[in-house]
Amino acid sequence: MLKFPKTIALVALSLTATPALAEMYGLGRAALPEEISAWDLDVSPDGTGLPVGSGDALIGEEIFAEKCAICHGDFAEGVDNWPKLAGGMDTLDHEDPLKTVGSFWPYLSTTWDYVNRSMPFGEAQSLSNDEVYAIVAYILYSNDLVEDDFVLSNETFLDVEMPNQDGFIIDDRASTEYALWTGEPCMENCKDDVKVTMRARVLDVTPDEAGDDSATPAAAEVEEAATEDTAAEIEDVQTEAALDPALVKAGEKVFKKCKSCHQVGEGAKNRVGPVLNGVVGNAAGMVEGFKYSNPLKAAAQEGLIWDEENLTAFLAKPKKFLKGTKMSFAGLKKDGDLAAIVAYLQSVAE
Amino acid sequence: MSKTFKSKGTTRRGFLRGAAAAGAGAISASAAQAATPDPLITDVQPWAQGLGDGVDTTPYGLPSAHEGDVIRRNVEWLTADTISSINFTPIHALDGTITPQGCAFERHHSGAIDLRKDDYRLMINGLVDTPLVFTYADLERFPRENHVYFCECAANTGMEWAGAQLNGAQFTHGMIHNMEYTGVPLRTLLEEAGYDTAGKWVYVEGADASSNGRSIPMDKALDDVLVAFKANGEALRKEHGYPVRLVVPGWEGNMWIKWLRRIEVTNAAVESREETSKYTDVLANGVARKWTWEMDAKSVVTSPSPQAPITHGKGPLVITGLAWSGRGAIKRVDVSKDGGKTWETARLAKPGEKMALTRFYLDTEWDGTDMLLQSRAMDETGYVQPTKTQLRDVRGLNSIYHNNCIQTWWVHENGEAENVEVS
């Protein structure tokens, strides 16, 4: 137990009211250079923070197709609600402006920094510096801002002109708004007439509060029904399976495209997409805790089984096979990839 | 604050009519007569006879099972998925001002991550004498403070710019919460590292995969920004940045970096994605405002509202709501029942506090006719919450963020309410 003279205790008390100026506590430890360089990755508009490296749009296109197109589309045009990275030039003063890297982003450093630190979604900080340069070059190319042979590097970085770099002003509310809306407000006879000009219910886009509650028993019924109907079929599929190890290995490679949304194996968790352990041969919509799209729930209720045929058709053209699916993946184009991915998913049965 | 309570003028006949409309509802002084004895009183109920749960049943409690609908909700069509997304506080069902952590809105850019205190590190680098690394335990050894602040997402009410869209205060105004934070002033940590007074900014970033990062002017960083680890007395929840988040009083929620891992003193703003391509405000001429950090004064009636209709017929009615301002304390809230023709000043539950939610009540007598309910906040700067028309006149229709317009609920004779716009 510490013995405190009363005077010191009083001094300590008075300090709580007015903290001492620039008091040092000697806490923490010095950060090592390696630690700072591991975390201090941000890049500023003048290029400060850019590492050495380079890449062009042709290389970038390949990487983009593999790692980015699932959400952003092959041409950076965006899939579903995922961000569109290209287009929208001269739309900022129109209704519903399209704000892309090309039409809106004022600094190229922002794109490089964001791709480098935060992308791909679900696999951040997995890209090499050259890959980041190449992807950014491809995004610029998709916006018609550079030619396909332009090599983006730490040295050419400041040569790129961003169309909207002068399109921003610093917050001016103090001069444009505050004076207008300050003072004693009207209390009586403030308007002659009040009319309802718009009703939210016309749009009808509010989530249904009862929806979740009523959906729960229905989902449970589906699960039970599906389990009974398909038990026999599942057995068939599983006894049939004699997997080609080479094909499984190829499928594991193809699965990289799926990895940003789906997990497999021990300890797998639902992400953007459900866990895929044991999906092949099983009834659709069965993964616990995953919120499926309504079309998938409906298909599951009708007894959809992810057998090889259905899964292959779905993965070839997801949106054609299941209109309204939440899966934003565009589909696998090669038959070989399809066979491989199905084999791989069979290999991760449990 | 002047208190408006209109029952004094009501006749006895008026009271009785009110009671009839309310069915079993009783009105204070002259209670309605019950036809038959209430079995909830005359019969011995199971809970008055048997035994309840022991003290070892619930080591950490959840809300009553009968409050299962008071939960965060999301709007599926709003975002591409639920990982980089947002949900909404059920403000229509809450009262007082403190938001329970368990139903306080969440906004993630790459999901709510699980980060143990033991694995937590906070770095201060850039223009400082000594770049430092702190552990969680280090942070708890600095003198700490307690403050109540609201945190509002800049996009709160953003879906309402183009027109009335969502039926529910939760959805129109629920990107907000208000908690009592415990933490260390950012100033203390900057002084510990010996910040260079030439550095005009601090860049703060989180430990999650989105690396959400924002630039904050040094003046603000030294003023009232808090490195917080407790909220409402207990550890932060995972979804709010456990174990450590930044609290930036009065400024847009995106700057309240969760899972705070690094503070860099810089000469200039970094111009990160979150402060250029997002959280900027496109005006009608296509030019965008940036660095619109402060959340202007705003209010909303939380009940009655579309998710909280009047269920008791005419008679005494409590109209209540929340008001707040990122530029100081709320001084006054007015309520209109006729779409803004006439206004009455509401009662503040207690005097407004800086950058914190203020609860207001209008204790009134409902005559059973329809109402166009609005609330209008004023803060200590004299700023008066504008109408949507006033905002559109200055900013055009293409804004997303910082919509602090007056909200209108059309309450019908049957007590139901809907989200509308009025002339």
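Reply: What follows starts at the contact between the chains and then moves into chain B and chain A in turn.

The model is a predicted one, and the contact between its chains brings together 80 residues of chain B and 71 residues of chain A. On the side of chain B that touches chain A, at least two residues each come from strand 3 (121–126), strand 4 (132–135), helix 5 (186–193), strand 12 (260–266), strand 14 (288–290), strand 21 (371–379), helix 7 (388–395) and strand 23 (417–422) of chain B. Strand 23 of chain B makes the largest share of that side, with 5 residues. By residue class, the side of chain B that touches chain A holds 33 nonpolar, 27 polar and 20 charged residues.

Strand pairing also crosses from one chain to the other: strand 1 (residues 29–30) of chain A runs antiparallel to strand 4 of chain B, and 2 bridges join them. Within strand 4 of chain B, B:V133 is the residue that stands opposite A:R29.

Turning to chain B itself, its domain assignment gives domain 1 (76–289) and domain 2 (298–420). The centres of these two domains of chain B, taken over C-alpha atoms, are separated by 27 Å, and their contact takes 33 residues from domain 1 of chain B and 31 residues from domain 2 of chain B. On the domain 1 side of this contact, strand 5 (145–152), helix 4 (169–173) and strand 13 (281–282) of chain B are the elements that give two or more residues, with the largest share, 4 residues, coming from helix 4 of chain B. The residues on that side of domain 1 of chain B comprise 18 nonpolar, 12 polar and 3 charged.

Chain B also has an open sheet of 4 strands, in the order 15-16-20-19 and with antiparallel pairing. Strand 15 (298–303) and strand 19 (347–348) of chain B each have a single partner strand and therefore stand at the edges, with one side of each left without a neighbour in the sheet.

Chain A is divided into domain 1 (40–159) and domain 2 (211–347), and here 11 residues of domain 1 of chain A are in contact with 8 residues of domain 2 of chain A. Helix 4 (residues 69–72) of chain A gives the most to the domain 1 side, with 3 residues, and that side divides into 7 nonpolar, 1 polar and 3 charged residues.

Also in chain A, the axes of helix 3 (residues 57–67) and helix 6 (residues 129–142) come within 7 Å and cross at roughly 100°, so these two helices of chain A are roughly perpendicular to each other. Among the residues making this contact are A:I59, A:I63 and A:F64 of helix 3 of chain A, and A:I135, A:Y138 and A:Y141 of helix 6 of chain A. The residues of this helix contact divide into 9 nonpolar, 1 polar and 2 charged.

A word on confidence belongs with this reading. Chain A averages a pLDDT of 83, and 84% of the residues score at least 70. Over residues 1–20 of chain A, however, pLDDT stays under 50, and the model has 3 contacts beyond four places in sequence for that stretch. Over residues 210–241 of chain A pLDDT likewise stays under 50, with 21 contacts beyond four places in sequence.

Key:
Residues are numbered from 1 along each chain as its sequence is written. Chains are lettered from A and ligands numbered from 1 in the order in which they are written. This is a predicted model: local features need pLDDT of at least 70, side-chain atom pairs count only at pLDDT 80 or more; totals for chains, interfaces and linings use all residues. Domain bounds come from an automatic or database domain assignment. Two residues are in contact if their C-beta atoms, placed from the backbone, lie within 7 Å. Ala, Val, Leu, Ile, Met, Phe, Trp, Tyr, Cys and Pro count as nonpolar, Asp, Glu, Lys and Arg as charged, and the others, Gly among them, as polar. Two strands pair if DSSP finds at least two bridges between them. Axes are lines fitted to C-alpha atoms, for helices over the stretch in contact, and angles run from 0 to 180 degrees between N-to-C directions. Angles under 35 degrees count as roughly parallel, over 145 as roughly antiparallel, 65 to 115 as roughly perpendicular and the rest as oblique. pLDDT is the predictor's confidence in each residue, from 0 to 100.
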